[in-house]
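Here are some notes for a colleague who is opening this structure for the first time.

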Amino acid sequence: METFPVINMEKLNGEERAATMELIKDACENWGFFELVNHGISHELMDTVERKTKEHYKKCMEERFKELVASKGLEGVQAEVTDMDWESTFFLRHLPRSNISEVPDLDHQYREVMKEFAQRLEKLAEELLDLLCENLGLEKGYLKKAFEGTKGPNFGTKVSNYPPCPQPDLIKGLRAHTDAGGIILLFQDDKVSGLQLLKDDGRWVDVPPMRHSIVINLGDQLEVITNGKYKSVLHRVIAQPDGNRMSLASFYNPGSDAVIYPAPALVEKEAEEKNEIYPRFVFDDYMKLYAGLKFQAKEPRFEAMKAVEANLNLGPIATA
């Protein structure tokens, strides 16, 4: 049985660099996910983020979630629920402008530690994009530049808790979807599992909880830029009868006005001849479409953007 890819980033600095880069390449081509250890973010910082996130849920979110469950009658559902998720969430925006100081109910230490964590994750995301460039044969900085637009990238964190669920066979923690954006960095609970990805053969595979790891997955925009060489992969969260699962998913996405299109160096002649080329579009237009179709297949979204592209001339963009 193939094992979920775990990448030790320390090995990028020594004799095992080539083998480690090959592991990253295989993970991007065949999994769309991988797990990072020794990624440079201190364990102490991660422990503080986890402690403050769990404290905040208990203090500010848990009662609200129970009230929501009661108001929707979710405790006693008899049939599968397909229009809701068993999760309690809030969002923090980091780039282009942080809103951490404006989000209610966060204590001072939580705000400060989340700012520091976001800065570390931003640096890690950009480091990873350059590793992907290296594997793809793209110039260093190509992906970061492709994401920039006129105001720089969008970067934010979805802070989620998945409380114990009395009917885990009838309601998902989070329904199956691909992520719309660029590269996603997840700090997940190391004790309570639930995240699964869909392999090509139709199997749902667990993303294993691992202390102090960061799980990486690729979004739809990287599938477009690589013209399908790398794929965004369907994933879901299974609700659990016991334990509260913490999840901090940070999305390093293109800027709203960034024009996204396949890197010319990655469009093979054969694909061009068959017109098997991914669309060219403004990222914000894709997000507007995604908002209503998140839990549906990604392929019709790409086709819809092709139709838009046919009616628009988006003009040239720097490719360096």
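1. Which residues lie nearest the centre of the second largest pocket? They are Leu 198, Asp 200, Ser 232, Val 233 and Lys 298, among the 17 residues that line this pocket. The model is a predicted one, in which local features need pLDDT of at least 70, side-chain atom pairs count only at pLDDT 80 or more, and totals for chains, interfaces and linings use all residues. Residues are numbered from 1 along each chain as its sequence is written, and side-chain values use heavy atoms, with hydrogens and water left out.

2. A pocket here is an open set of points on a 1 Å grid over the protein atoms alone, where a 1.4 Å probe fits, with protein on both sides within 12 Å along at least five of seven lines; lining residues have an atom within 4 Å of a point.

3. The second largest pocket has a volume of about 290 Å³, a volume being the space filled by probe spheres set on the points, which are joined across faces, edges and corners. Helix H1 (17-30) and strand S7 (195-198) each give two or more residues to its lining, and H1 provides the largest share, three residues. (Helices, H or I of at least four residues, and strands, E of at least two, are DSSP runs numbered from the N terminus.)

4. The largest pocket holds about 730 Å³ of space and is lined by 36 residues, with Phe 91, Lys 158, Asp 179, Ala 249 and Phe 251 nearest its centre. Among the elements giving two or more residues to this lining are strand S3 (88-95), strand S11 (245-253) and helix H7 (283-293), while S4 gives the largest share, seven residues.
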